[in-house]
Amino acid sequence: MRFFCSGASSSSSNGPSLAPAQWSQMGILHEHTLRAMMYDFGYQNLTDVQRQVLPACLDFSPQGLDRDILVRARTGTGKTLTFLVSMVERIVRQPDASAGILGMVLSPTRELAMQICGELDKLLSYHAMQSVPCIGGCSREADVRAIRQRRTFSISNVKFQVGIETRSR
């Protein structure tokens, strides 16, 4: 695994700070996020990638909000869930998070976009938020209808849009 975090101090002799080994010990997660991790995903323990990366992702200080994080690791190490958890946690802490699309995930393929949206739906299952996949090459009108329909049935409207980059021909 390779992990780069801009703006992080790398001069510490103790190495990077690690998150606790279990989701229930995180302390900073919203109760709905924690409930989804434990019950919908069935996860008790964080992966090594999550333990190393989440402290930087969940740094809500002014310095932490202006930080780029790049993680390179094998498939199945928890990267996707790590960035989704940090995005959801940032949004639930925003006092003005009452309307509109507040998160967007771009994916290189349709399959990955649908997989990410499925994971996000599970993560949002206890939050008053929903996700809508918008896939290139499909009807924009259908995407707009899906977003509006979700807004009609959601207490606090659509928060996330998951889509893919499309190439023009």
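Is Thr33 buried or exposed at 0% relative accessibility? Thr33 counts as buried, because its relative accessibility is 0% (buried means under 20% relative accessible area, exposed over 50%, partly exposed in between, with a 1.4 Å probe and protein chains only).

A quick word on the ground rules. This is a predicted model, where local features need pLDDT of at least 70, side-chain atom pairs count only at pLDDT 80 or more, and totals for chains, interfaces and linings use all residues. Residues are numbered from 1 along each chain as its sequence is written, and side-chain values use heavy atoms, with hydrogens and water left out.

**The H4/H5 pair**

Two packed helices are described by the angle between their axes and the distance between the axes. Here helix H4 (residues 79-92) packs on helix H5 (residues 110-123) at about 50 degrees, and their axes are 10 Å apart. Helices (H or I, at least four residues) are DSSP runs, numbered from the N terminus; axes are lines fitted to C-alpha atoms, for helices over the stretch in contact, and angles run from 0 to 180 degrees between N-to-C directions. H4 and H5 are therefore oblique to each other (under 35 degrees is roughly parallel, over 145 roughly antiparallel, 65 to 115 roughly perpendicular, and the rest oblique).

On the H4 side, the contact (heavy atoms within 4.5 Å) is made by Thr80, Leu84, Val85 and Val88, while H5 brings in Ile116, Glu119, Leu120 and Leu123. Sorted by type, the residues of this contact are six nonpolar, one polar and one charged (Ala, Val, Leu, Ile, Met, Phe, Trp, Tyr, Cys and Pro count as nonpolar, Asp, Glu, Lys and Arg as charged, and the others, Gly among them, as polar).

| Residue | Relative accessibility | Contacts |
|---|---|---|
| Thr33 | 0% | Val85, Val88, Glu89, Leu123, His127 |
| Glu89 | 0% | Ile28, Leu29, His30, Thr33, Leu58, Phe60 |
| Leu123 | 0% | Thr33, Ala36, Met37, Phe41, Leu84, Val85, Val88 |

Thr33 sits in helix H1 (residues 31-40), and its contacts include Glu89 and Leu123. Glu89 belongs to H4, and its side chain makes a polar contact of 2.6 Å with that of Arg93 (a pair of N or O atoms within 3.5 Å; within protein, one must be able to donate a hydrogen and the other to accept it, and residues adjacent in sequence count only if both atoms are side-chain atoms).

Leu123 is part of H5.

How values were computed
Helix = DSSP H or I, 4+ residues; strand = E, 2+ residues; numbered from the N terminus. Lists of a residue's contacts leave out its neighbours within four places in sequence.
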